[in-house]
Amino acid sequence: MSVVSFWFLAAVHKLENLLWTDWPHDLGDQHAPWWWPLPAAVVAGLGTSLVVLRFPGRGGHVPVAGLHSGGFTKGALPGVVLAALCCLPFGVVLGPEAPLIALGGGLALLFRDLARAPATQASTTLLGAAGAAAAIATIFGSPVVAAVILMEVAGVGGPQLFAVMLPALLSSGVGAIVFTGFGHWTGLKTGSLDAGLPAPPLLDTGDVVWSLLMGLVVGAVIHYVMVAGRHTAVLVAAHPLRNIVLCALAVGGCAAAYTGITGRSPTDVALSGQLTLSQLAADPHSWPVSALIAMLAFKSVAYAISLGSLRGGPIFPALFLGAAAGVLLAPLPGFGVVPAMAAGMAASTGAALRLPVSTVVLVALVLGHTGSLPVVILAAVTAFVTAELLPEGPAVPPFRPRGAARS
């Protein structure tokens with residue numbers, strides 16, 4: 001599963017570079033022109049709609065319904081792969097994690113049947129989860145992240161897990177802040193497992209206060225982006241062929257409008273944001289405030305539309321939107337760029353996924369250090385609670401296309 005997932009991701013990245021970097025350079029442009037996302041959107045819309053209507057499994061789950069750890073079938077694999085290849089390289093604002101989970105789980109069941117192993121409910125659940133974990137670890141580069149995400153997605157422990165883990169997670173963040181603060185203020189030592197590796201600057205009061213407020217505000221904004229995605233899913237279910245194409249064109253229109261207004265590359269808005277996130281983190285000051293605001297507005301709209309109509313995963317766009325919000329708010333008094341980006345990513349991802357433990361582990365992996373972990377925890381828990389308290393919006397409608405085989 002990991003080998004297949006690797007080549008799948010390699011193919012997606014190769015197509016992205018070909019479509020959005022190599023071909024524009026071959027035409028003599030520094031970056032793709034403003035109109036470039038529109039023909040790409042036509043391919044994404046038509047390809048996805050045909051997969052949804054004609055292939056078993058409908059190309060996978062609607063992204064706004066969240067990540068799913070079950071429901072893998074062998075028959076759905078071609079549709080999942082085709083839908084992902086129609087969407088991810090062609091500018092859709094979604095990541096590859098949901099197709100990877102379905103791909104890994106489906107391949108595990110396929111190999112089981114090829115080996116003629118007994119097909120029981122227990123083996124289906126176990127092999128599906130193992131295959132999904134192997135696939136998703138490929139993109140995050142960490143078996144721990146894959147395991148934690150799938151544990152939370154599968155609901156291991158049920159509602160009691162949240163009842164226990166949420167207070168524990170919040171308390172651990174507060175405890176880390178208290179010990180960091182008192183150690184810094186008093187100069188006293190309590191002993192630790194610190195190996196003496198370089199660390200980011202110590203957090204201060206401003207970082208903590210602003211991170212809590214970011215958790216509240218960013219969490220609410222991303223929650224309503226998800227609600228907009230649910231409304232989009234309702235509209236798409238009423239007339240899939242027409243509305244999927246229109247939604248894809250709207251996503252392309254957001255990227256085109258952004259480039260027309262700012263003169264920057266449409267890839268700031270199009271695609272998952274995975275590559276742009278590294279560019280933003282490497283040089284956050286290269287982004288004018290006006291470009292950040294325009295990007296946040298257009299990418300949020302494109303993200304909401306993609307969530308309800310196309311195929312992919314919700315993680316990477318949420319990470320990027322949170323990081324961009326952090327860069328925008330970093331000039332607040334007492335706020336640093338690193339804790340601002342960390343809190344923004346935690347708040348955005350926590351509200352989008354509703355998986356607080358996975359959010360903390362994932363953001364810590366992205367940051368590459370644990371110095372900002374307290375604000376990550378506070379922002380993730382605040383955003384999660386905020387999203388849980390706000391209205392959910394309409395339910396994602398079940399949809400079975402005419403002429404498709406049952407999966």
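Select residues 188-199 first, where pLDDT stays under 50 and where the model has 2 contacts beyond four places in sequence. Then move to residues 401-407, a stretch whose pLDDT is also below 50, although the model gives this stretch 18 contacts beyond near neighbours in sequence. Where pLDDT is low, the predicted coordinates should not be read in detail.

Next, display helix 8 (residues 205-238) together with helix 12 (residues 315-329), whose axes come within 12 Å and cross at roughly 135 degrees. Because angles over 145 degrees would count as roughly antiparallel and those from 65 to 115 as roughly perpendicular, helix 8 is oblique to helix 12. The crossing of helix 8 past helix 12 is right-handed.

To see the contact itself, show the side chains of M214, V218 and I222 in helix 8, which meet L321, A325, G326 and L329 in helix 12. By class, this contact of helix 8 with helix 12 has 6 nonpolar residues, 1 polar residue and no charged residues.

Finally, centre the view on T382, which lies in helix 15 (residues 373-389). T382 counts as buried because its relative accessibility is 19%, the cut-off being under 20%. Leaving aside residues up to four places away in sequence, T382 touches L212, G215 and L216.

Key
Residues are numbered from 1 along each chain as its sequence is written. This is a predicted model: local features need pLDDT of at least 70, side-chain atom pairs count only at pLDDT 80 or more; totals for chains, interfaces and linings use all residues. Side-chain values use heavy atoms; hydrogens and water are left out. Axes are lines fitted to C-alpha atoms, for helices over the stretch in contact, and angles run from 0 to 180 degrees between N-to-C directions. Helices (H or I, at least four residues) and strands (E, at least two) are DSSP runs, numbered from the N terminus. Angles under 35 degrees count as roughly parallel, over 145 as roughly antiparallel, 65 to 115 as roughly perpendicular and the rest as oblique. A crossing is left-handed if the near helix is turned anticlockwise from the far one by less than a right angle, and right-handed if clockwise. Contact means heavy atoms within 4.5 Å. Ala, Val, Leu, Ile, Met, Phe, Trp, Tyr, Cys and Pro count as nonpolar, Asp, Glu, Lys and Arg as charged, and the others, Gly among them, as polar. pLDDT is the predictor's confidence in each residue, from 0 to 100. Buried means under 20% relative accessible area, exposed over 50%, partly exposed in between (1.4 Å probe, protein chains only).
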